[in-house]
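Subject: Structure handover

Hello,

Here is the structure I promised to pass on. Please open it beside this email and follow along.

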Amino acid sequence: EIDKICRAIPHQDLCIQWDMVREIIWWDGRLAAQQPAPFADIEAQVIARLGRIARHVPSDVELGFHICYGDWGGRHHIQPTDMGKMVELANAIIAGAGRPVTYFHMPVPIDRDDEAYFAPLRGFRGPDQTELYLGLIHLGDGLAGAQRRIAAARKFRDQFGIATECGLGRAKTPDT
């Protein structure tokens with residue numbers, strides 16, 4: 001499918017995004033009993049698989065990863081405790097991708113504007129060309145909530161873009 005897409009769309013006009021729900025759930029480990037990974041060495045296997053699909057995208061095509069805790073009924077499957085596991089996974093993907101990663105998108109729950117949630121951003125080791133987007137915009141609290149979350153995140157990383165929590169995944173009606 002990647003080959004077909006890349007033949008049909010000029011590479012300079014294309015970005016491939018991989019959405020990772022199961023991978024972050026397995027990496028996080030809190031649902032291991034309810035949703036076990038289909039392999040024993042979770043970290044090595046997740047990175048091997050993500051590296052394989054990353055390397056299949058031509059190097060002149062932008063590549064992004066949406067780290068997603070799920071969108072069942074407009075809610076995360078589980079809430080991230082902080083950005084630690086997401087940063088850990090992003091760093092491992094960068095190390096194992098075998099090609100540049102254009103961006104990562106990481107969710108920020110509506111109720112997280114505390115420093116503890118954002119502190120792991122200090123450990124993000126993306127090169128300068130790898131953009132980071134924080135999904136901190138929520139319909140429920142609008143501009144004021146987004147500004148609180150931006151201020152908290154800036155204490156730990158000054159360069160990032162902003163987005164909705166799950167991209168357009170939560171825009172299921174014309175009103176949203």
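Start with Glu88. Its side chain is partly exposed, at 35% relative accessible area. Keep in mind that this is a predicted model. Lys85 is also partly exposed, at 28%. The two side chains form a salt bridge, with N and O 3.7 Å apart. Why can they meet? Both sit in helix H4, which covers residues 84-96, and they are three residues apart, so about one helical turn lies between them. Side chains of opposite charge can pair when their charged atoms come close.

Salt bridges

The count of salt bridges is six. Look next at Arg148 and Asp113, whose side chains meet at 2.7 Å, N to O. This pair joins distant parts of the chain, 35 residues apart. Arg148 belongs to helix H6 (residues 142-154), while Asp113 lies in the loop between strand S3 (103-107) and helix H5 (115-118). Arg148 is partly exposed, with a relative accessible area of 41%. Asp113 is partly exposed too, at 31%. Arg148 has another partner: Asp141, in a salt bridge of 3.3 Å, N to O. Which residues make up the network of salt bridges? They are Asp113, Asp141, Arg148 and Arg149.

The nonpolar core

In soluble globular proteins, nonpolar side chains tend to be buried together. Here the largest nonpolar core has 48 residues. Phe104, Met106, Phe118 and Leu134 have the most contacts inside this core. Helix H4 gives the largest share of the core, six residues.

Take Phe104 as your example. Leaving aside neighbours within four places in sequence, Phe104 touches a list of residues that includes Phe65, Ile67, Ala90, Ile93 and Ile94. Leu132 and Tyr133 are among its contacts as well.

Aromatic pairs

How many aromatic pairs are there? The count is five. One of them is Tyr103 with Tyr133, an edge-to-face pair with centres 6.0 Å apart and planes at 85°. This pair also links distant parts of the chain: Tyr103 is in strand S3 and Tyr133 is in strand S4 (residues 131-137), 30 residues apart. Tyr103 is buried, at 13% relative accessibility. Tyr133 is partly exposed, at 27%.

Phe104 comes back here. Its ring and that of Phe124 have centres 6.1 Å apart and planes at 85°, so this pair is edge-to-face. Phe104 is in strand S3, and Phe124 is in the loop between H5 and S4, 20 residues away. Both Phe104 and Phe124 are buried. Ring pairs join Phe65, Phe104 and Phe124 into a cluster.

A buried asparagine

Go back to helix H4 and find Asn91. Is Asn91 buried or exposed? Asn91 counts as buried, at 8% relative accessibility. Its side chain reaches the backbone oxygen of Gly123 at 2.9 Å. Beyond neighbours within four places in sequence, Asn91 is in contact with Gly123, Phe124, Arg125 and Gly126.

Cysteines

The structure has zero disulfides. Why does Cys15 form none? The cysteine sulfur closest to that of Cys15 belongs to Cys6, and it is 11 Å away, too far for a bond. A disulfide needs the two sulfur atoms within 2.5 Å. Cys15 is partly exposed, at 32% relative accessible area. Cys68, by contrast, counts as buried, at 8%.

Best wishes

How values were computed: Residues are numbered from 1 along each chain as its sequence is written. This is a predicted model: local features need pLDDT of at least 70, side-chain atom pairs count only at pLDDT 80 or more; totals for chains, interfaces and linings use all residues. Side-chain values use heavy atoms; hydrogens and water are left out. Buried means under 20% relative accessible area, exposed over 50%, partly exposed in between (1.4 Å probe, protein chains only). A salt bridge is a side-chain nitrogen of Lys or Arg within 4 Å of a carboxyl oxygen of Asp or Glu. Helices (H or I, at least four residues) and strands (E, at least two) are DSSP runs, numbered from the N terminus. A nonpolar core is a set of buried Ala, Val, Leu, Ile, Met, Phe, Trp, Tyr and Cys residues joined through side-chain atoms within 4.5 Å. Contact means heavy atoms within 4.5 Å. A polar contact is a pair of N or O atoms within 3.5 Å; within protein, one must be able to donate a hydrogen and the other to accept it, and residues adjacent in sequence count only if both atoms are side-chain atoms. Rings of Phe, Tyr and Trp (its six-membered ring) pair if their centres lie within 6.5 Å; planes under 30 degrees apart count as stacked, over 60 as edge-to-face and the rest as tilted.
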